[in-house]
Amino acid sequence: MSVHGARAAALLAWVNSTKVCPDPLNDLSQLQDCSVFIRIIQKTHRSNAEESVLEQPLPERISFIHGFLQKHYRHRLAGENLFSAQKLLDGEELALAKVAVLLLYHISMNCKSPEDWNEFDYKTQAELASILKFVLDNEENLNENLEPFLLRKVVPSSSGTSSSSFEEHPPSLSLPHKREVRFVELQRIASFPSTNMLLSPPSSPMGDIMQTPQFQLRQLKNRLAFERETQDELEVELSENHKLLIEKEAQITMMQQQIDRLTKLNEKQAADQQEPTEMEELREKNERLVGRLHEAFRQCQDLKTEKAQMDRKINQLSEENGDLSFKLRKMTSHAFQLQEALNELSEEHNSAVAQSQEKQQQLEKELRAALQDKKSLEEKTEILQGKISVLEDQLAKLEKCSAQEKGEVMGDVLKLEELKQKVSILTAKGAELQATVLRLEEEKQLQEAALQSERGRFKEEKQQLDSLVISLQSSLSESHRAQERLEQDLQARDAEGQA
């Protein structure tokens with residue numbers, strides 16, 4: 001099975017942008033030996049430890065990549081059930097694309113600025129952004145959805161909408177100008193940046209996806225997890241150094257006691273005038289003990305220096321924890337603003353619906369009146385047509401009568417011309433009423449379509465905002481819990497240091 005062409009091209013463009021291979025790649029099958037993946041990992045983490053892995057056979061390379069993704073992938077989804085080692089050995093295109101997607105997601109989480117993606121054209125950025133959006137939306141069931149996503153263009157996500165945010169949608173009826181401006185304001189509130197908290201319009205698809213709260217909250221949670229793991233490692237190292245320091249101090253105490261005993265023994269032997277050879281041996285032994293004592297003091301001093309460095313690292317983590325608390329408060333404030341904006345959107349929608357219904361009722365009233373007038377004119381026209389028919393019959397008979405009789409009915413002839421004029425006037429009015437009826441019916445249909453479009457648009461926007469509010473509140477709760485655990489660990493560490 002072949003990966004969808006646009007997504008395969010976007011993944012290859014990203015791989016080529018890392019500049020880890022001498023010649024640009026033009027097919028996913030060229031990734032089969034996994035050396036490019038290992039070089040990307042090496043470049044990202046600025047380490048030379050992967051050089052030895054490149055000299056190993058392919059199964060060991062695949063094992064290294066699998067271990068890296070297990071360690072660094074935030075949700076631990078890169079297990080054997082997501083991609084098969086055997087399929088990588090066979091060079092299956094779909095398995096290679098899956099590894100590329102996971103590395104793209106991991107590295108993009110460490111990206112500091114959206115401008116880093118400006119080297120890609122808009123189409124490539126759109127495909128890469130759709131891949132990142134898909135992984136974010138399908139974190140809980142990525143195993144089931146990643147493969148069909150890579151094989152075809154549109155895949156339904158867990159929320160029931162398209163996984164790609166860059167598919168074309170049919171245009172809908174425009175809403176009032178005030179309504180459009182309001183939704184733009186909601187989008188700006190929902191896409192605040194996490195670093196400087198300043199609102200700025202996105203300049204590219206990758207910039208757009210990286211400025212969403214969903215992406216930035218995931219970056220924040222990854223950073224918090226990394227800082228928590230770093231602190232745990234520092235605390236373990238500090239505990240081991242503390243044990244070593246206690247052992248060294250015990251050794252120093254024992255050696256000091258031995259030196260005291262030897263000193264007393266030397267003094268006693270000098271008093272007893274021992275043999276010179278025995279004195280020399282004791283002196284040499286004493287010098288060796290003194291040398292060991294100085295070495296123990298030096299090691300103790302080194303351990304104290306290391307302990308001071310550990311304390312500085314812990315203080316640095318405490319400062320970063322304060323920064324994290326500030327960001328969490330900012331996020332809480334934006335979540336509150338977003339909820340208020342959602343409430344205002346509901347009020348504006350209700351008002352717009354009420355106005356539309358009122359206008360529709362007015363149009364229906366005007367339409368009924370126009371239809372009634374049309375019916376009345378048609379009845380009058382029929383009556384006049386009947387009269388005209390009677391008079392025309394009478395005129396036909398006049399042609400057979402004498403001149404005197406024709407003079408007597410001349411009034412009826414004038415009466416007939418007048419009726420014809422009235423019929424013409426009524427016919428013209430009937431045509432105008434018919435045009436009015438058609439116009440009112442068209443306006444009614446347009447109003448009904450606009451109202452239906454407004455309801456659909458409001459429902460879709462409300463679902464998106466509700467989902468965003470729920471996600472933001474959930475992330476805030478998780479961040480608060482992580483912050484509380486970090487503060488408890490720091491307090492315990494301070495208490496231990498004071499003890």
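Leu-282 lies in helix H12, which spans residues 276-398; helices (H or I, at least four residues) and strands (E, at least two) are DSSP runs, numbered from the N terminus. Leu-282 is buried, with a relative accessible area of 14%. In this report, buried means under 20% relative accessible area, exposed over 50%, and partly exposed in between, with a 1.4 Å probe and protein chains only. Between the C-alpha atoms of Leu-282 and Leu-265, which are 17 residues apart along the chain, the separation is 8.9 Å.

The structure is a predicted model, in which local features need pLDDT of at least 70 and side-chain atom pairs count only at pLDDT 80 or more, whereas totals for chains, interfaces and linings use all residues. Residues are numbered from 1 along each chain as its sequence is written, and side-chain values use heavy atoms, with hydrogens and water left out.

**Overall architecture**

The protein chain contains 14 helices and 0 strands. Of its 499 residues, 38% count as buried. Among contacts with a separation of 6 or more, 75% are made by residues 24 or more positions apart; a contact means heavy atoms within 4.5 Å. The chain exposes about 29,700 Å², and carbon and sulfur atoms supply 50% of that area. Accessible areas come from the Shrake-Rupley method with a 1.4 Å probe, and for residues only the protein chains shown count as cover.

Helix H2 covers residues 35-45, and its buried residues are Ser-35, Val-36, Phe-37, Ile-38, Ile-40, Ile-41 and Gln-42. Their cover includes H1, helix H3 (51-54), helix H4 (58-72) and H6. Within H2, Ile-41 has a relative accessible area of 1% and is therefore buried. Just after H2, Arg-46 adopts a positive phi of about 50°.

In helix H8 (residues 142-151), the buried residues are Leu-142, Asn-145, Leu-146, Pro-148, Phe-149 and Leu-150. Helix H1 (5-17), helix H6 (93-109) and helix H7 (122-137) are among the elements that cover them.

**Salt bridges**

Side chains of opposite charge can pair when their charged atoms come close. A salt bridge is here a side-chain nitrogen of Lys or Arg within 4 Å of a carboxyl oxygen of Asp or Glu. A search of the whole structure finds 8 salt bridges, including those in the table.

| Acidic residue | Basic residue | Closest N and O atoms |
| Glu-127 | Arg-7 | 3.6 Å |
| Asp-137 | Lys-133 | 2.4 Å |
| Asp-302 | Arg-298 | 3.0 Å |

Glu-127 pairs with Arg-7 at 3.6 Å. This pair links distant parts of the chain, since Glu-127 is in helix H7 and Arg-7 in helix H1, 120 residues apart. Glu-127 is buried at a relative accessible area of 14%, and Arg-7 is buried at 1%.

Lys-133 and Asp-137 are 4 residues apart in helix H7, so about one helical turn separates them. Asp-137 counts as partly exposed because its relative accessibility is 22%.

In helix H12, Asp-302 and Arg-298 are likewise 4 residues apart, and therefore separated by about one helical turn. Asp-302 is partly exposed at 35% relative accessibility, and Arg-298 is partly exposed with a relative accessible area of 43%. Glu-295, Arg-298 and Asp-302 are linked in a network of salt bridges.

**A negative surface patch**

Glu-229, Asp-232, Glu-233, Glu-237, Glu-240 and Glu-306 form a negative surface patch. Patches are made of residues with over 30% relative accessible area and no salt bridge, like charges being joined within 9 Å and nonpolar side chains (Val, Leu, Ile, Met, Phe, Trp, Tyr) within 5 Å. Asp and Glu count as negative and Lys and Arg as positive, while His and the chain ends are not counted. The place of a charge is taken as NZ of Lys, CZ of Arg, CG of Asp or CD of Glu.

Helix H11 (residues 213-272) gives the most to the negative patch, with 5 residues. Glu-237 is found in helix H11 and counts as partly exposed, at 36% relative accessibility.
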